[in-house]
Amino acid sequence: MRLAHWLASPAAALPAGLAQALSIADPWTGQPHWWLQIASLAWLVWQFAHHAERQLSWRASTWVSPETGGAWRGGFAAGGLFGLGWLAGTFWWLFISMHTYGGLAAPLAVAAVLALAGLLALYYALAAAAFMALAPARLLARRPVLCASGFAALWTLAELLRGTLFTGFPWGAGGYAHVDGPLAFLARYAGVYGIGFVAAALAALLALAPRVAWHRPRVWAMSALLLLLGAGLWGWRWCELDGACRAPQAPLRTEVALLQGNIAQDEKFVPGTGVADSLRWYGEQLQGAAAPLVVAPETALPLLPRQLPDGYWQALTERFAGPGQAALLGVPLGNLEEGYTNSVVGFAPGQAAPYRYDKHHLVPFGEFIPPLFRWFVRLMNIPLGDFARGGLGQPAFAWQGQRLAPNICYEDLFGEELGARFADPASAPTAFVNLSNIAWFGDTVAIDQHLAISRMRALEFERPMLRATNTGATAIIDHRGQVTHQLPRLTRAVLAGSFEGRTHLTPYARWVALAGLWPLWAGCALLAAALASAARRARG
């Protein structure tokens, strides 16, 4: 009885949240598990339904009767604990950057990770509290499908809030667990948040299945209609991928070399060791590369161009001034008067000046210091700074018919921002190029999580994604979201391969370029309003 009581208590939501974290990418294989994401969320919804039916008081069982108007407290507690377990279990590796490389005392680093996870978990606590307040026992029994849709809407609104407010940090959103799952085909239509909505609805339906009136013909008719719709969308995706449902495009295949220097993070910015090693190895590879396109990762050259050894920058410019080869490499740019930027420079024949991309979405505490937090930054020994922000929708790097769209570090986490580059189909990217340095987080699941993020962007836009990183995962991802080439992590090597750029636009690329994420905000808000209206009628 004690175990059964605990399983039904808000405390059980904490391990369910940890299971949600494992579903994004487990630390043993690095693979996502779509079924675990749905199952862990279904457990949370089952708790809500269980206690709505029981109508137990808070003093007797830690829950307040839904009919007394206090149910939201139990929902808030369970949703918050679920979010805490999920988020702390997802980005626990921030501890490494703050403690191992930043020198922050271990207790303070643990507290910082838990504080961040706890603050972000408030979005899910509020979503769960709203669901418990809007879905009384009578409504769960009479309208389980509406309740499932309402839960998915509220949960997705929480995901959207986490991904946008205060610059946003949607790392580990539930939709990423489905990059290899049966819902992956929805990425081209609705993006990662749309997948997350469908997964949340399925989880809620699974938890509320005993309350669904399966004997009613309209339930079976609705189920059949949804299955037919899904099958149609799935078939249309493969028809377009194979080129049978659209005009054929000219081949856009390019050979590429992706450089992975494996420079130790604690030496990367140290003069005479990591800096010298970076300049030597990347210089050798850039000068000796034979591929038509060469890509070096974020801050591959950890110095400003004017700080480089005499002749180094000029030699790179001259190296790629001749026909047949181009390069993209990460390097800081700027000056004290105009500000510094985390940038990508592109060299190609016939340029009047090198191509330049400046990072738009900066990392809080890493590339800019939020107000009132300078005291926290002073506790760490990390080369931090206030970088200038690049514009949204910067032009692509044109090379051999390709339009290559760079993004730096976790910028590929924000699909709606990458989508801004698709506003004009004539200049839309044919491929993405991610330049990253994840060495800050060691040999952890952060590498696998970031790879899954890049794969989701490839699925959403049906564009290949080239990943050049310092320690991993350096890889080539095709327009189907599949990894075709990859280097072992924490090795110094060059990944040689080819990719095929694409020119067609997915439905997601079209609507997100036009309206951003507002269609999702509006749709979820309408569903939440429908749930609230039904709840009022049920209580009346």
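This is a predicted model: local features need pLDDT of at least 70, side-chain atom pairs count only at pLDDT 80 or more; totals for chains, interfaces and linings use all residues.
Residues are numbered from 1 along each chain as its sequence is written, and side-chain values use heavy atoms, without hydrogens or water. Local features need pLDDT of at least 70 and side-chain atom pairs pLDDT 80 or more, whereas totals for chains, interfaces and linings use all residues.

On the surface, W72, F76, L119, L122 and L126 make up a nonpolar patch with about 470 Å² of accessible area together. Such a patch joins nonpolar side chains (Val, Leu, Ile, Met, Phe, Trp, Tyr) within 5 Å, from residues with over 30% relative accessible area and no salt bridge (a side-chain nitrogen of Lys or Arg within 4 Å of a carboxyl oxygen of Asp or Glu). Areas come from the Shrake-Rupley method with a 1.4 Å probe, and for residues only the protein chains shown count as cover. Helices α5 (71–90) and α7 (106–134) each supply at least two of the patch residues, and α7 gives the largest share, three residues. Helices (H or I, at least four residues) and strands (E, at least two) are DSSP runs, numbered from the N terminus. W72 belongs to α5 and counts as partly exposed because its relative accessibility is 37%; partly exposed lies between buried (under 20%) and exposed (over 50%).

Helix α6 (residues 94–101) contains the buried residues L94, I96, S97 and M98. After α6 comes G103, with a positive phi near 75 degrees.

R467 lies in strand β9 (residues 465–469) and counts as buried because its relative accessibility is 0%. Beyond its neighbours within four places in sequence, R467 has contacts (heavy atoms within 4.5 Å) with residues including D412, N434, H450 and S454.

Notes:
Patches are made of residues with over 30% relative accessible area and no salt bridge: like charges are joined within 9 Å, nonpolar side chains (Val, Leu, Ile, Met, Phe, Trp, Tyr) within 5 Å. Buried means under 20% relative accessible area, exposed over 50%, partly exposed in between (1.4 Å probe, protein chains only).
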